[in-house]
Amino acid sequence: MTQPVDAADRRAIRPVICYPNDTLPAPDLTLYGKAREGAEKIGEVTVPPREAASIEIPVGCFLKITSIEGPQVGDLNLFNSADLSERFYSGKTRALHGTHVTTGDRLWSNFPTLRPLATVTTDTLDWYGIDEFGGSVHDVIGTRCDPYTGRALGGPDYHHCCHSNLTRALAQTKGMSLEEAENHVHDVLNVFMCTGFTRDTGQYFMKASPVRPGDYLEFFAEIGLLAVMSACPGGDCGSEHSSDTAPCHPMLMEVFKPLDGRLDGWQSPEINPYDRTHGL
Ligand SMILES: [Zn+2]
């Protein structure tokens with residue numbers, strides 16, 4: 001199409017932030033830091049390569065996700081452990097905090113609750129920032145690798161995509177059928193994954209994760225949570241996913257409970273005061 005005569009002027013209009021987030025209640029990271037000191041480990045699970053595993057995190061406890069053995073990306077689903085219909089909402093988390101999350105950012109739940117499920121309290125990759133390609137770590141822009149998109153793109157069928165792994169793990173944890181569990185699987189937090197959008201075509205890209213064994217991402221559970229995570233068949237996601245080609249490694253999920261009294265003064269957030277019929 002021919003450009004309008006004022007095309008340059010229209011492009012020059014400065015952007016405005018859609019959701020200025022400085023009015024959100026700020027997490028008390030000092031309090032969380034004190035609560036973490038001396039916290040007792042109460043559970044752990046190792047996520048096997050190209051598979052998923054789940055673990056419950058009681059309200060007020062910490063979930064630590066660690067890279068072990070080699071660089072590896074994890075696709076994380078989070079649920080209210082008492083009600084699977086309340087779950088992580090990557091789209092609104094992205095709108096509020098940006099394309100990638102780090103320390104101090106929160107992981108929000110879907111409507112109608114829209115409240116923080118968890119707060120990122122430690123990120124050993126926070127030094128990475130945004131690289132020259134526009135890439136960064138721990139994205140909420142990807143979805144999860146899945147067999148349906150693979151087939152749409154003409155690839156071979158593959159049964160250890162993160163979507164399938166998450167579905168099987170949730171079904172096993174909750175004693176559900178695969179069909180029922182699949183309806184609960186949702187867009188993920190891509191733990192340790194390095195991603196962005198290309199500047200020229202705007203396409204979603206990935207590159208080898210900077211994560212190394214010992215790096216970890218830690219969350220504070222604002223409500224009781226069920227975490228289900230897949231160790232992506234893409235490994236460090238530096239080449240391809242949805243195949244058995246990439247080297248893959250296990251990941252560790254651990255839960256820590258603060259000592260008595262360390263959370264005095266903390267309240268589970270109830271940001272949204274509306275009931276289920278609000279605005280409908
Ligand atoms: Zn994946």
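UniProt positions are given in the numbering used here, feature names are shortened, and annotations may be inferred rather than shown by experiment. The model is predicted: local features need pLDDT of at least 70, side-chain atom pairs count only at pLDDT 80 or more, and totals for chains, interfaces and linings use all residues. Residues are numbered from 1 along each chain as its sequence is written.

View A. An unreviewed UniProt entry places "domain: DUF1989" at residues 46-226. Over residues 46-226 the chain is 18% helix and 34% strand, with the end C-alpha atoms 15 Å apart. Helices (H or I, at least four residues) and strands (E, at least two) are DSSP runs, numbered from the N terminus.

**View B. The open sheet.** Six strands with antiparallel pairing follow the order β1-β13-β3-β11-β7-β6; two strands pair if DSSP finds at least two bridges between them. β1 (40-47) and β6 (106-108) are the edge strands, each pairing on one side only. From one strand to the next the twist averages 25 degrees; axes are lines fitted to C-alpha atoms, for helices over the stretch in contact, and angles run from 0 to 180 degrees between N-to-C directions.

**View C. Strand β3 and its partners.** β3 (residues 62-67) pairs with β13 (residues 251-257) over six antiparallel bridges, and T66 has L252 as its bridge partner in β13. Five bridges join β3 to β11, also antiparallel, where the partner of I65 is L217.

**View D. Burial of β3.** Six of the six residues of β3 are buried, that is, 20 or more other C-beta atoms, placed from the backbone, lie within 10 Å of their own. F62, K64 and T66 lie on one side and L63, I65 and S67 on the other.

Key:
A residue is buried if 20 or more other C-beta atoms lie within 10 Å of its own, exposed if 12 or fewer, and partly exposed in between; C-beta atoms are placed from the backbone.
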